[in-house]
Each structure stands twice: as structure tokens, then as C-alpha cells.
Amino acid sequence: MADMAKQIVETNGLPDVTSLLFRVVNGLGLLNLFLLLLIKAKLLLGSYKLHSLQSKFLFLHPCQVDDGVVLPDEASLYLTAIEDAEYKDDKIEFWNNVYGFDMSCIKKQAMMEPLVDTVDQKQIVTNCHLLKTMDISKMVLGDASFTAPFKLIAECDDYIHAFVAYFDVSFTKCHKLMGFSTGPRSRATHWKQTVLYLEDVLTICEGETIIGSMTVAPNKKNPRDVDIMVKYSLSERRCVVSRVQFYKMR
């Protein structure tokens with residue numbers, strides 16, 4: 001990575017940049033961002049797009065460059081819930097009976113792996129809840145682990161098959177506030193959304209509430225993997241459920 005940075009500097013004729021420290025922070029899980037490193041507030045070093053679903057952050061150590069900034073400098077993680085019976089039946093429930101064979105052990109594994117895909121906004125059943133806002137320029141390694149509560153309120157009568165996570169980013173250090181969203185109600189991006197399928201099918205009516213929490217942390221054996229725990233409960237007239245589910249993003 002250092003060689004790549006050096007090559008970019010030389011190619012773009014930026015001799016003023018003498019020393020950089022790059023740190024890879026693994027395990028932020030649901031946020032996959034690209035960073036623009038603006039050195040000394042004037043010299044644009046370039047951009048590095050992070051394709052890994054394990055979510056690597058390219059982090060510029062603030063002590064190494066005077067007056068340097070990291071852009072985007074603010075990220076917010078959101079959660080919503082969707083109806084997705086067709087996909088769940090086709091790709092997950094399918095393992096209950098594969099030409100007469102019970103292969104439900106594979107179903108359990110399929111449930112644990114989040115799906116990264118584009119969600120149709122027509123599938124959204126609840127509001128979008130803000131889980132966490134992060135100042136990327138001040139993040140340290142421990143910030144990759146967190147627990148955040150959520151409250152999702154149904155906007156219509158429907159069924160819920162999955163939670164969907166996505167992020168928004170902001171460029172607050174620019175002369176004009178800029179940013180974009182990777183949410184299902186926004187224009188589709190490279191990062192799409194992260195879908196977490198539920199073991200239960202939740203029957204919910206408009207105005208009813210799902211409460212819970214999401215915990216995200218790097219895997220202890222392999223920090224490139226991300227462990228996600230979701231606790232949720234619904235106690236309403238047509239559905240009473242309380243469950244804890246575990247996911248692993250590889």
C-alpha cells in the first residue's frame with residue numbers, strides 16, 4: 001500500500017508530500033467506503049476504493065500530517081426492515097427440502113451470511129433507524145466494535161423477512177456540505193445494501209414496533225471477518241417474537 005501511495009505521488013508530481021502513514025483498520029463490518037486523502041488541505045493525493053466486504057478503512061494518522069483531513073470525514077449507519085418472501089423462499093427455505101432430502105444444515109449457514117445486494121425501495125416496511133454516526137478522521141481501532149439499539153416502526157401492514165443495513169457519508173470539511181447515501185431509497189451505488197435474513201417471518205401492522213440492538217465486532221480468530229449479533233423482539237396483536245441471531249461477514 002505504501003508503494004502504491006508513493007507511485008501515485010510521483011505520477012501526479014506531488015513532491016511536497018514527504019511522509020505518510022497508512023493504517024488498515026479491519027472489521028467495521030457494514031461500512032465500505034472510499035476515502036479521498038487531502039494532504040495539507042491543498043494537495044489531492046487520490047482515491048482508494050475499498051471493495052472488500054470485510055470493510056477495510058484506509059486511515060490517515062492525524063499526527064503525521066499537519067492540517068491534513070480525511071474525506072469523507074463522517075459516516076452514519078442505518079437499519080431498516082423489508083419484505084422479501086420470494087428471495088428467502090428461493091435461496092434459503094429451499095434447503096429444507098432438496099428433491100426430498102433434508103439439507104437444513106446448509107440453510108443455517110446460508111442464514112448466517114449477510115447478502116450484499118440492491119434492495120427495491122418498494123420492499124421497505126419500516127422507518128430507517130440511525131444506528132451510529134462516526135467521525136472517520138478521529139477513529140481508532142476500538143471504534144470498529146460497537147453495540148447500538150434500534151426501534152423500527154412499521155409504515156404499512158406487511159411481513160418482514162430481513163433487516164437491511166446501509167450507510168451515508170458526508171464531506172463536512174468542504175466549502176459546501178456534500179455527501180451521498182447508499183440506502184435503498186437513493187440512487188444505486190457500488191456498495192449496494194447489506195441484507196440480514198431473519199429466522200422468523202414477522203407479521204406486522206402499521207404503527208407497530210420492533211425493538212432490538214445490533215452488535216458489530218471483528219472476529220477474534222480472523223479480524224478480516226466481522227461478527228454481527230442482532231437481538232430483536234416484536235410483541236403485537238398478530239406476532240410475538242423475541243430472538244437473537246448471529247451473522248458473519250467474510
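Because the model is predicted, local features were required to have pLDDT of at least 70 and side-chain atom pairs pLDDT 80 or more, whereas totals for chains, interfaces and linings use all residues. Residues are numbered from 1 along each chain as its sequence is written, and side-chain values use heavy atoms, with hydrogens and water left out.

The protein chain contains three helices and 15 strands, where helices (H or I, at least four residues) and strands (E, at least two) are DSSP runs numbered from the N terminus. Of its 250 residues, 43% count as buried; buried denotes under 20% relative accessible area, exposed over 50%, and partly exposed the range in between (1.4 Å probe, protein chains only). With contact defined as heavy atoms within 4.5 Å, 74% of the contacts between residues at least 6 apart in sequence join residues at least 24 apart.

Four strands form an open sheet in the order 9-13-14-15, with antiparallel pairing; two strands are taken to pair if DSSP finds at least two bridges between them. In general, the strands of a sheet pair through backbone hydrogen bonds, either parallel or antiparallel. From one strand to the next the twist averages 15°, based on axes that are lines fitted to C-alpha atoms (for helices over the stretch in contact), with angles from 0 to 180 degrees between N-to-C directions.

Strand 9 is joined to strand 13 (residues 209-218) by eight bridges in an antiparallel arrangement, and F146 has V216 of strand 13 as its bridge partner. Strand 13 and strand 14 also run antiparallel and are joined by eight bridges; here V216 stands opposite I228 of strand 14. Between strand 14 and strand 15, again antiparallel, there are ten bridges. A hairpin of four residues connects strand 14 to strand 15. S235 has V240 of strand 15 as its bridge partner, and K231 stands opposite V244 in strand 15.

The side chains of strand 14 (residues 226-235) alternate between two faces.

The largest pocket holds about 180 Å³ of space. On a 1 Å grid over the protein atoms alone, a pocket is an open set of points with protein on both sides within 12 Å along at least five of seven lines, in contrast to a cavity, where a 1.4 Å probe fits but cannot get out; lining residues have an atom within 4 Å of a point. Grid points are joined across faces, edges and corners, and the volume is the space filled by probe spheres set on the points. The lining consists of K88, E93, S104, K107, K108, M111, M112, L198, E199, Q245 and F246. Helix 3 (104-112), strand 12 (193-204) and strand 15 each supply at least two of the lining residues, and helix 3 gives the most, with five. By class, the lining comprises four nonpolar, two polar and five charged residues (Ala, Val, Leu, Ile, Met, Phe, Trp, Tyr, Cys and Pro count as nonpolar, Asp, Glu, Lys and Arg as charged, and the others, Gly among them, as polar).

Individual loop residues were also examined. Y99 lies in the loop between helix 2 (85-91) and helix 3 and has phi near 55°, a positive value in a residue other than glycine. Y99 is exposed, with a relative accessible area of 77%. K192, in the loop between strand 11 (178-181) and strand 12, likewise has a positive phi, near 55°, and is not glycine. K192 counts as partly exposed at 32% relative accessibility.

N219 occupies the loop between strand 13 and strand 14 and is buried, with a relative accessible area of 11%. Leaving aside residues up to four places away in sequence, N219 touches D225, V226, D227 and K248. N219 and R250 are separated by 31 residues in sequence and by 9.6 Å in space, C-alpha to C-alpha.
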